[in-house]
Amino acid sequence: MAFFKSMNIDKSSDKKENKKSGEVEKVKILIIGSGPAGYTAGIYASRANLSPVLYQGMEAGGQLTTTTEVENFPGYPEGVTGPVMMEDLKAQAERFGTDIRFGEVTSVDFSKKPYTLTIDEEKDIEADAVIIATGATARYLGLESEERLKGGGVSACATCDGFFFREKIVAVVGGGDSAIEEAAYLASLASKVYMIVRKDHFRASKVMQARALENPKIEVLFKHNTKEVLGENNVTGVLLTKNMGEANEEDVTIKVDGFFLGIGHTPNSGIFKPYIETDETGYINTIGKSSKTNLDGIFACGDVQDNTYRQAITAAGSGCMAALDAEKYLKQ
Ligand code: NDP
């Protein structure tokens with residue numbers, strides 16, 4: 001993480017250069033985002049001679065840079081860390097000529113072609129086609145202890161990190177479908193799973209509720225809120241507040257080895273919303289089996305348009321689709 005963050009700092013030369021020239025740069029295809037979807041789109045678009053420019057965004061490498069070991073991405077039989085995998089994907093995109101740049105797309109004007117994108121609020125670029133691969137951000141509770149223990153037992157992805165908790169005790173926060181899905185998955189590996197639900201009922205669908213309530217390894221703690229995640233370098237427990245009704249609360253500590261967030265994701269689609277159709281939760285709508293959005297020449301891939309699978313491999317696959325769709329569009 002530190003490596004990527006420090007690389008992000010030096011954006012000034014790029015900005016100054018453009019300010020000086022006063023010219024608007026024109027590109028055939030601009031890719032926004034540097035997760036598996038963005039880099040894969042870069043690999044395919046550069047191999048199609050489209051000279052893509054890719055802006056990495058605030059968190060170069062995307063969500064995977066916050067995970068530790070990735071063991072389910074095909075092609076890495078021994079597993080790989082998230083940051084290393086993202087460096088590999090970046091190197092592969094660069095090898096074929098993707099122009100990868102530091103910087104964030106801070107606003108867009110998709111009202112006319114060519115589309116205009118503003119980088120770091122300073123520099124405008126015109127693009128014939130745009131691939132949106134800005135991902136989604138897992139929601140966290142916002143506790144200092146939770147932040148400190150990320151990578152030390154705090155995770156927002158059971159599929160990525162559950163394997164490390166075989167025969168251990170874990171907790172999952174949240175009462176929606178995602179939280180139950182995470183809890184059920186973790187219960188297939190861990191010895192016990194606590195679900196921490198703030199209300200006295202689930203938000204999840206009835207079918208999913210039954211999955212949690214009928215699983216002997218899952219214990220649901222309704223009306224509990226997380227006060228602190230406990231542990232120095234690794235998670236050792238969670239301090240909870242139990243709501244006993246009428247402002248009557250009691251502190252409860254549970255011993256756990258892992259703490260999983262299941263309180264939802266926020267797709268990073270905000271700046272596109274005036275132009276691009278999304279569902280009610282902000283995920284970009286793509287047409288049929290394609291990566292096409294409601295606007296000609298604008299494509300979306302990865303977690304910003306996928307509320308279902310949310311895996312690195314599915315994001316990479318959809319990045320490939322977006323580059324192929326963009327290539328076809330530009331040839332028309
Ligand atoms: P949801 O918004 O449905 O649920 C979020 C859950 O997290 C709620 O129980 C909410 O509690 C809880 N929560 C939110 N903030 C906090 C907090 N600060 N502290 C404690 N708890 C908190 O998100 P999901 O990701 O679960 O689902 C998103 C969509 O994806 C839904 O439409 C869902 O149906 C769908 N989905 C479907 C699946 C399936 O069918 N297999 C699997 C996964 C997702 P509260 O209820 O109190 O607000």
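How does the radius of gyration of the protein, with its 332 residues, sit against that of a compact globule?

**View 1. The whole chain, and how it packs.** This is a predicted model, where local features need pLDDT of at least 70 and side-chain atom pairs count only at pLDDT 80 or more, while totals for chains, interfaces and linings use all residues. Residues are numbered from 1 along each chain as its sequence is written, and side-chain values use heavy atoms, with hydrogens and water left out. On the opening question, a compact globule with 332 residues would come out near 20 Å, and the protein has 21 Å, which agrees. (That radius is taken over C-alpha atoms, and the globule rule is 2.2 Å times the number of residues to the power 0.38.) The C-alpha trace spans about 65 × 40 × 35 Å along its principal axes. There are nine helices and 19 strands to look through; these are DSSP runs numbered from the N terminus, with helices being H or I of at least four residues and strands being E of at least two. Buried residues account for 50% of the 332, where buried means under 20% relative accessible area with a 1.4 Å probe, protein chains only. Take contacts (heavy atoms within 4.5 Å) between residues at least 6 apart in sequence: 60% of them join residues at least 24 apart.

**View 2. The disulfide of Cys157 and Cys160.** A disulfide here is a pair of cysteine sulfur atoms within 2.5 Å, and by that rule the count comes to one. The sulfur atoms of Cys157 and Cys160 lie 2.0 Å apart. The torsion about their S-S bond is about 75°, so the disulfide is right-handed. Cys157 is buried, at 17% relative accessible area.

**View 3. Cys301 and Cys320, with no bond between them.** Cys320 is in no disulfide either. Both side chains are tucked away: Cys301 is buried with a relative accessible area of 1%, and Cys320 is buried with 16%.

View 4. Strand β15 (residues 237-243) runs antiparallel to strand β16 (residues 249-255), and seven bridges join them. Two strands count as paired if DSSP finds at least two bridges between them. Pick out Leu240, whose bridge partner in β16 is Val252. Five residues sit between the strands, and Gly245 takes a positive phi near 95° in this hairpin.
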